[in-house]
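Q: I've got a model open and I'd like to learn how to read its helices and its core. Can we walk through it together?

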Amino acid sequence: MGKLLLVITLFASLTQAQPGSDSEYWSALTSDQKVIFLKGIYTGVARSLQIMSEEGDRQKKRNPYWAQPFVHENSIERLNEFYSQRESEDYELFISLMDAFYSNPDNTHIPVMDALHIIMLHESGERTRANELLLRKQRIRFEGR
C-alpha cells in the first residue's frame, strides 16, 4: 500500500510540474522530495519488471512452446535502462547527478524522465548511447534558431 501511495504521489507531482521547466521543477524539490521522487520511479520500474517476468513465466507454464514476443523483450530492455540496483540504493549520489545535469543551461528543457534515462545510461557504462540521447534532446531546443 505504501508503494502505491509513493507512485501516486510521484505522478501527481509530475502533473503539477507543467508551468515551469523540468529543471525548475527538479530544483524546487527539497532533498526529501527528490528521494521520494526517485523511490517512486524505481518502485514502479522494479514492479513493472517483476510483473513482466511473472507474466512470461505464466505463459510458459500454459504453453511450453510459447516464446516472448519481441515487444515484450524490448520493453524489458527499455525498462532496465531506467533501473540499476546500485544507483537505486544511493539516492544522494543520484540526486547530485541530477543536480549537476540540470546545472548546465543546455539541459534545462530536457524532461526529468529523459534526464534520468541519460544519467542511468551513462552510469551503467553506455556512455556513447547516453551522449547520443543527450545531443538529440539538446538539438530539439536549438532547432530553428
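Predicted model: local features only at pLDDT ≥ 70, side-chain atom pairs only at ≥ 80, totals over all residues.

Q: Where is His-117, then?

A: His-117 lies in helix α7.

Q: Is His-117 buried or exposed?

A: Buried means under 20% relative accessible area. His-117 has 5% relative accessibility, so it counts as buried. Skipping neighbours within four places in sequence, its contacts are Arg-78, Glu-81, Phe-82 and Leu-133.

Q: How do α7 and α8 pack?

A: The general idea is that a packed helix pair is described by the angle between the axes and the distance between them. Here, α7 (residues 112–123) and α8 (residues 127–142) pack at about 155 degrees, their axes 7 Å apart. The two are therefore roughly antiparallel, and their crossing is left-handed.

Q: Which residues of α7 and α8 meet?

A: From α7 come Asp-114, His-117, Ile-118, Leu-121 and His-122, which meet Arg-127, Arg-129, Ala-130, Leu-133, Leu-134 and Lys-137 of α8. By type, the contact has 5 nonpolar, 2 polar and 4 charged residues.

Q: And what about the largest nonpolar core?

A: In soluble globular proteins, nonpolar side chains tend to be buried together. The largest such core in this model has 30 residues, and those with the most contacts inside it include Trp-26, Phe-37 and Leu-116. α2, α3, α6, α7 and α8 each give two or more residues to this core, with α3 giving the most, 8 residues.

Q: What does Trp-26 touch?

A: Leaving out residues up to four places away in sequence, Trp-26 touches Lys-34, Phe-37, Leu-38, Ile-95, Met-98, Asp-99 and Tyr-102.

Notes. Residues numbered from 1 in each chain as written. Heavy atoms only, no water. Axes fitted to C-alpha atoms, helices over the stretch in contact; angles between N-to-C directions. Helix = DSSP H or I, 4+ residues; strand = E, 2+ residues; numbered from the N terminus. Parallel < 35°, antiparallel > 145°, perpendicular 65-115°, else oblique. Left-handed = near helix turned anticlockwise from the far one by under 90°. Contact = heavy atoms within 4.5 Å. Nonpolar A, V, L, I, M, F, W, Y, C, P; charged D, E, K, R; others polar. Core = buried A, V, L, I, M, F, W, Y, C linked by side-chain atoms within 4.5 Å. Buried < 20%, exposed > 50% of the residue type's maximum accessible area, 1.4 Å probe, protein only.
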